[in-house]
Amino acid sequence: MKQLREKIASEGRVLSGEVLKVDSFLNHQIDPKLMQAIGEEFSRRFKNDGVTKILTIESSGIAPAAMAGLTMGIPVVFARKRASLTLTEGLISSEVKSFTKQTVNTISVSGDYVTADDTLLIIDDFLANGQAALGLLDISGQAGAKVAGIGIVIEKGFQNGGKLLREQGVRVESLAIIESLADGKVAFREESEV
Ligand code: G4P
Ligand code: NA
Ligand code: NA
């Protein structure tokens, strides 16, 4: 997605070789027009797949997921990383390890909102090691829901999440794939340059 690659090229900052900071439009401040275009692009790619609901994870998955849900006219559910005062019964949970942060989070959704009647589109902001996506797939499976695929805003192609998921036969659609962040420069993978 050209508009996204241009935004990454102009505003993204490479931190410590392996991490891309995109706080100006995705992870802290949000660019609503760009998010809308991202939502439309996910919608275009998944419009014929019978998707009934979008599943994402707080916090940075919510903005692109909400815009995709708006375009597709379907609800958006976000998995929670912390216990909620009101969300306590009928929870479906999964453990998500973060290699980056060396933490384990329990993520949860209510079985009221993700069910065996659903065909889900899973959306997230970043795909790195794939642990968040695997957790969301696990929750989808526990609910008995079908998964049409995974939509990712920025895939770090030099980490193994994309390979891991695609090898399992999961359809992964990434709007920008980063091949390398070496020498402080963002290099995109060729197939995402269309
Ligand atoms: P994984 O799910 O693919 O295995 O990711 P990992 O544990 O490596 O990443 C943990 C957190 O860091 C996730 O956000 C993920 O989106 C984010 N992340 C990973 N690599 C990058 C990067 O290069 N740049 C940025 N900006 N984020 C990255 P999170 O902790 O769930 O936070 P949030 O959704 O509240 O933002
Ligand atoms: Na994130
Ligand atoms: Na995320």
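Which residue has a polar backbone atom 2.9 Å from an oxygen atom of ligand 1? The residue is Gln 131. The model is predicted. In this model, ligand 1 sits in the largest pocket. The protein buries 84% of the 720 Å² that ligand 1 exposes when taken alone.

**Polar contacts to ligand 1**
- The backbone contributes through Gln 131, with a polar atom 2.9 Å from a ligand oxygen.
- Ser 60 uses its side chain: a polar atom there lies 2.7 Å from an oxygen atom of ligand 1.

**The surrounding shell**
- Ligand 1 is surrounded by 20 residues.
- Leu 20, Ser 59, Lys 81, Thr 100 and Lys 101 are the closest of them.
- By class, the shell splits into six nonpolar, eight polar and six charged residues.
- Three elements, β2 (19-21), β7 (119-127) and α4 (131-143), each supply at least two shell residues.

**The annotated segment**
- An unreviewed UniProt entry carries the annotation "binding site" for Ala 128, Asn 129, Gly 130, Gln 131 and Ala 132.
- The lining of the largest pocket includes Ala 128, Asn 129, Gly 130, Gln 131 and Ala 132.
- Ligand 1 sits in that pocket.
- Asn 129 is in the loop between β7 and α4.
- Gln 131, one of the residues annotated in the record, has the backbone atom at 2.9 Å from a ligand oxygen.

Definitions and conventions. Residues numbered from 1 in each chain as written. Chains lettered and ligands numbered in written order. Predicted model: local features only at pLDDT ≥ 70, side-chain atom pairs only at ≥ 80, totals over all residues. Heavy atoms only, no water. Near = heavy atom within 4 Å. Polar contact = N/O pair within 3.5 Å; in protein donor to acceptor, adjacent residues only side chain to side chain. Areas by Shrake-Rupley, 256 points an atom, 1.4 Å probe, with all protein chains shown as cover. 1 Å grid on protein atoms, 1.4 Å probe; cavity = no way out; pocket = protein on both sides within 12 Å on 5 of 7 lines; lining within 4 Å. Sits in = over half its atoms within 2 Å of the grid points. Helix = DSSP H or I, 4+ residues; strand = E, 2+ residues; numbered from the N terminus. Nonpolar A, V, L, I, M, F, W, Y, C, P; charged D, E, K, R; others polar. UniProt positions renumbered as here; feature names shortened; annotations may be inferred.
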